[in-house]
Amino acid sequence: MTAARHCELHTNSATAQRTEALGAALGGLLAPGDVICLSGELGAGKTVFSRGLGAGWGAAVPLSSPTYNLAHEHVRTADSTRLYHLDFYRISGSREAETLGIYEILDSGAIVIFEWPERVLEILPAEHLWIDIMLREDDGRTLHFRAQGERHAALLNELRQALVVKGSGAHVTGD
Ligand SMILES: Nc1ncnc2c1ncn2[C@@H]1O[C@H](COP(=O)(O)OP(=O)(O)OP(=O)(O)O)[C@@H](O)[C@H]1O
Ligand SMILES: [Mg+2]
């Protein structure tokens with residue numbers, strides 16, 4: 001099967017546990033070089049989703065909100081591969097990301113998770129999985145996934161299959 005170049009998925013999450021489980025499902029599918037962008041207002045659930053991502057991937061230490069550091073480096077116990085969890089809420093812009101060594105991080109082959117990616121649009125790789133987490137009036141969340149590039153489209157298709165198997169009711173559209 002040829003992966004669509006452009007692929008989207010919508011799903012709902014009624015609870016923080018469900019959002020974390022969605023992150024864990026995606027985390028188990030991540031490969032070196034994958035770039036995950038988590039967008040949403042304050043308190044939307046980006047860090048909850050990241051915590052699931054880290055757990056599903058196998059991080060040695062749980063992912064948490066990087067309060068003082070803009071970047072947290074994580075190692076997977078199983079194979080010593082790396083994942084960077086970046087929270088750019090407090091960043092002044094792409095120039096500061098450059099001084100933090102963002103290009104070295106992106107070139108390292110590690111998995112990179114961005115919270116507040118819209119703060120650094122200029123330095124984001126063209127190929128990524130963008131996830132919007134939106135608050136609903138009933139306090140639930142709607143998650144909208146959009147893949148850019150074949151690798152991330154394939155990743156999203158794998159996630160869709162994993163969610164369909166679990167009967168999550170996710171809706172997927174693709175070109
Ligand atoms: N369906 C849900 N999904 C995710 N979080 C939820 C949900 N329902 C309630 N919550 C709560 O919303 C909060 C989300 O906090 P979180 O730190 O993940 O947000 P954030 O998007 O990372 O915000 P910030 O930009 O401030 O870092 C948590 O307290 C979580 O328990
Ligand atoms: Mg956060």
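1. Strands β3 (residues 71-75) and β4 (residues 82-87) pair in the antiparallel sense over 5 bridges; two strands pair if DSSP finds at least two bridges between them. Within this pairing, H74 has L83 in β4 as its bridge partner. The hairpin has 6 residues between the strands, and S80 takes a positive phi near 60° there.

2. This is a predicted model, in which local features need pLDDT of at least 70 and side-chain atom pairs count only at pLDDT 80 or more, while totals for chains, interfaces and linings use all residues. Residues are numbered from 1 along each chain as its sequence is written, and chains are lettered from A and ligands numbered from 1 in the order in which they are written.

3. The protein comprises 5 helices and 8 strands (DSSP runs, with H or I over at least four residues for helices and E over at least two for strands, numbered from the N terminus). The order from the N terminus is β-α-β-α-β-β-α-α-β-β-β-α-β.

4. Ligand 1 is surrounded by 19 residues, the closest being A16, T19, G45, K46 and T47 (a residue is near if its C-beta atom, placed from the backbone, lies within 6 Å). Two or more residues of this shell come from each of α1 (16-27) and α2 (46-57). The element that gives the most is α2, with 3 residues.

5. L129 touches residues including V35, C37, F145 and L156, not counting those up to four places away in sequence; contact requires C-beta atoms, placed from the backbone, within 7 Å. The C-alpha trace of the protein spans about 45 × 40 × 30 Å along its principal axes.

Technical notes. Contact = placed C-beta atoms within 7 Å.
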